[in-house]
Amino acid sequence: GSEMCKETVDIAGTDHNHIYIWSADGSLMLDSQAGANTTVNVSHWHPGVYFLRVESGNAVRVERFVKR
């Protein structure tokens, strides 16, 4: 996937998503139930690489993004 470099992370999925975000060192930053088209504000997080996992029903999507 393409790398995202931004202050917010947009999550498009079904109405019932489970969202996890880990930092590069393995710390779980977010564990959240969310609806469709959720935006997560990461502006207060430290710069670095993060991994986003979105579970929507039987579908799982993993993305890597960079917080500048």
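Guide: Let's start with the rings: searching the whole structure, which is a predicted model, turns up three aromatic pairs.

Visitor: Why is the pair of Tyr20 and Trp22 called stacked?

Guide: Look at the centres and the planes. The ring centres of Tyr20 and Trp22 are 5.6 Å apart, and rings pair if their centres lie within 6.5 Å.

Visitor: How do you know whether Tyr20 is buried or exposed?

Guide: Tyr20 has a relative accessible area of 17%. Buried means under 20%, so Tyr20 counts as buried.

Visitor: What makes Tyr50 and Phe65 a stacked pair?

Guide: Their ring centres are 5.6 Å apart and their planes are at 20 degrees. With the limits at 6.5 Å and 30 degrees, this pair is stacked too.

Visitor: Why do you say that the pair ties parts of the chain together?

Guide: Because Tyr50 belongs to strand β6 while Phe65 belongs to strand β7 (residues 59-67), the pair links parts 15 residues apart in sequence. Both Tyr50 and Phe65 are buried. Ring pairs also bring in Trp45, giving a cluster of Trp45, Tyr50 and Phe65.

Visitor: Which residues make up the largest nonpolar core?

Guide: There are twelve of them: Val9, Ile11, Ile19, Ile21, Ala34, Val40, Val42, Trp45, Tyr50, Leu52, Val54 and Phe65. Elements giving two or more residues are β2 (8-11), β3 and β6, and β6 gives the most, with three.

Visitor: What makes a set like that a core?

Guide: The residues have to be buried and of a nonpolar kind, joined through side-chain atoms within 4.5 Å.

Visitor: What is Leu52 in contact with, leaving aside its neighbours within four places in sequence?

Guide: Leu52 touches Val9, Ile11, Ile19, Tyr20, Ile21, Arg61, Val62, Glu63 and Phe65.

Visitor: Speaking of Arg61 and Glu63, what makes that a salt bridge?

Guide: The N to O distance between their side chains is 2.6 Å. The cut-off is 4 Å, so Arg61 and Glu63 pass. Arg61 is partly exposed, at 30%.

Visitor: How many salt bridges are there?

Guide: Two in total. Glu55 and Arg53 form one, with closest N and O atoms 2.8 Å apart. Glu55, at 24%, is partly exposed, and Arg53, at 27%, is partly exposed as well.

Visitor: Why is Ser56 called buried?

Guide: Its relative accessible area is 14%. The limit is 20%, so Ser56 is buried. Ser56 lies in strand β6 (residues 48-56), and its side chain makes a polar contact of 2.7 Å with that of Asn17.

Visitor: How do you know whether Gly57 is buried or exposed?

Guide: Gly57 has 67% relative accessible area. Exposed means over 50%, so Gly57 is exposed. Gly57 sits in the loop between β6 and β7. Its C-alpha is 7.4 Å from that of Asn17, though the two are 40 residues apart in sequence.

Visitor: Why is Asp25 called exposed?

Guide: Asp25 shows 63% against a limit of 50%, so exposed it is. Asp25 is found in the loop between β3 (17-23) and β4 (28-34).

Visitor: What makes Asp25 and Ser23 a polar contact?

Guide: Their side chains come to 2.5 Å, and the limit for N or O atoms is 3.5 Å. The side chains of Asp25 and Ser27 are also joined by a polar contact, of 3.0 Å.

Conventions. Residues numbered from 1 in each chain as written. Predicted model: local features only at pLDDT ≥ 70, side-chain atom pairs only at ≥ 80, totals over all residues. Heavy atoms only, no water. Helix = DSSP H or I, 4+ residues; strand = E, 2+ residues; numbered from the N terminus. Buried < 20%, exposed > 50% of the residue type's maximum accessible area, 1.4 Å probe, protein only. Polar contact = N/O pair within 3.5 Å; in protein donor to acceptor, adjacent residues only side chain to side chain. Contact = heavy atoms within 4.5 Å. Phe/Tyr/Trp six-rings, centres within 6.5 Å; stacked < 30°, edge-to-face > 60°.
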